[in-house]
Amino acid sequence: MEIDPFRIRDHVAHFDSIVSDIVQASESTRETLSMSGNVAYGDGPSETLDIFYPERTRKNLPVHMFIHGGYWRMFSKRDYSCVANTVTQAGAIAVIIDYALMPAHRMEVLVDQVTRAKRWVIGQIAEYGGDPSTLTVSGHSAGAHLASFLFHESTVPSSVKGAFLLGGLYDLAPLQRSFLRDEIALTDEEVARFTPLSHHHDPHCRVILAVGAEETHPFHAQSNAFLSTLREQGLPAFLRVVAGRNHMDSVRDLGVLGSEAGDLLARLVTGEP
């Protein structure tokens, strides 16, 4: 029987250990970094975000927003606080957001939430010492999918200077035939509306697509397809294959400055090429 290429646990030998590392690192981050926790960007119980600060004067700082993955149906912002380590060491404010999870909520709700979180950041982050004109965004896996709607054509100008999308999903149709068929039950209408490959994006946003060298085939194929789509639309888009990394240890590295993925994120935040 063929192993489902989207079922990450079947392809990452130390899946639970890596998740535990990420969660523990995130708890440490919450204990050591200065932060404003559970700030509301909307009225719903899941519509909150955490703001982490670098050790410098809080005035006109660069701002970065991160969206966690989990196939739209698991994890939370708290689990991925560790990404703030890299962002704050790069001298920026890190904003890590929560959103409602499927299948209790549908994709339309999630996309609306992340776009409203971005609007909140643009409108309010100056009160926390950030410069909204410097906003960059990132996401992992399902979070990379959701992050693509932050520089969507419907929001041009998107006010997003750059995006870092790691191990993303840009074609939803194959997921209807995966193990997620029973877990989130994507409808044909959701696939048509929320597949990034069929959308247009803000040509002013610089995009770095990254995929672990040890990811399964669909993640490489979709990243390459999205790269072509973005370039055809005039975006400065680039693809980086992260050596020796899979779907989970690549995102663990996002919280580690000095790792390949962490350094790619830091360069995006600081505007380096």
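In this predicted model, helix 3 (residues 107-124) lies across strand 1, strand 2 (48-53), strand 3 and strand 4 (93-97). Relative to strand 3, helix 3 runs at about 165°.

These strands belong to an open sheet of eight strands, and the order across the sheet is 1-2-4-3-5-6-7-8, with mixed pairing. At the edges are strand 1 (34-40) and strand 8 (237-242), each of which pairs on one side only. On average, neighbouring strands of the sheet are turned by 20° against each other, direction ignored.

Strands of a sheet pair through backbone hydrogen bonds, in either a parallel or an antiparallel way. Strand 3 (residues 63-67) and strand 5 (residues 136-140) pair in the parallel sense, over four bridges. Phe 66 has Ser 138 in strand 5 as its bridge partner.

Helix 7 (residues 217-232) can be checked for length. With 16 residues at 1.5 Å a residue, helix 7 should span 22 Å, and its end C-alpha atoms are 23 Å apart, so the two values agree.

| Helix 7 span | Value |
|---|---|
| Distance between end C-alpha atoms | 23 Å |

Which residues of helix 7 are buried? They are Pro 218, Phe 219, His 220, Gln 222, Ser 223, Phe 226, Leu 227, Thr 229 and Leu 230. An α-helix has 3.6 residues a turn, so residues three or four places apart point the same way. The cover over the buried residues of helix 7 includes strand 6 (162-166), strand 7 (206-212) and strand 8. After helix 7 comes Gly 234, which has a positive phi near 90°.

Methods. Residues are numbered from 1 along each chain as its sequence is written. This is a predicted model: local features need pLDDT of at least 70, side-chain atom pairs count only at pLDDT 80 or more; totals for chains, interfaces and linings use all residues. Side-chain values use heavy atoms; hydrogens and water are left out. Two strands pair if DSSP finds at least two bridges between them. Helices (H or I, at least four residues) and strands (E, at least two) are DSSP runs, numbered from the N terminus. Axes are lines fitted to C-alpha atoms, for helices over the stretch in contact, and angles run from 0 to 180 degrees between N-to-C directions. Contact means heavy atoms within 4.5 Å. The expected span of a helix is 1.5 Å times one less than its number of residues. Buried means under 20% relative accessible area, exposed over 50%, partly exposed in between (1.4 Å probe, protein chains only).
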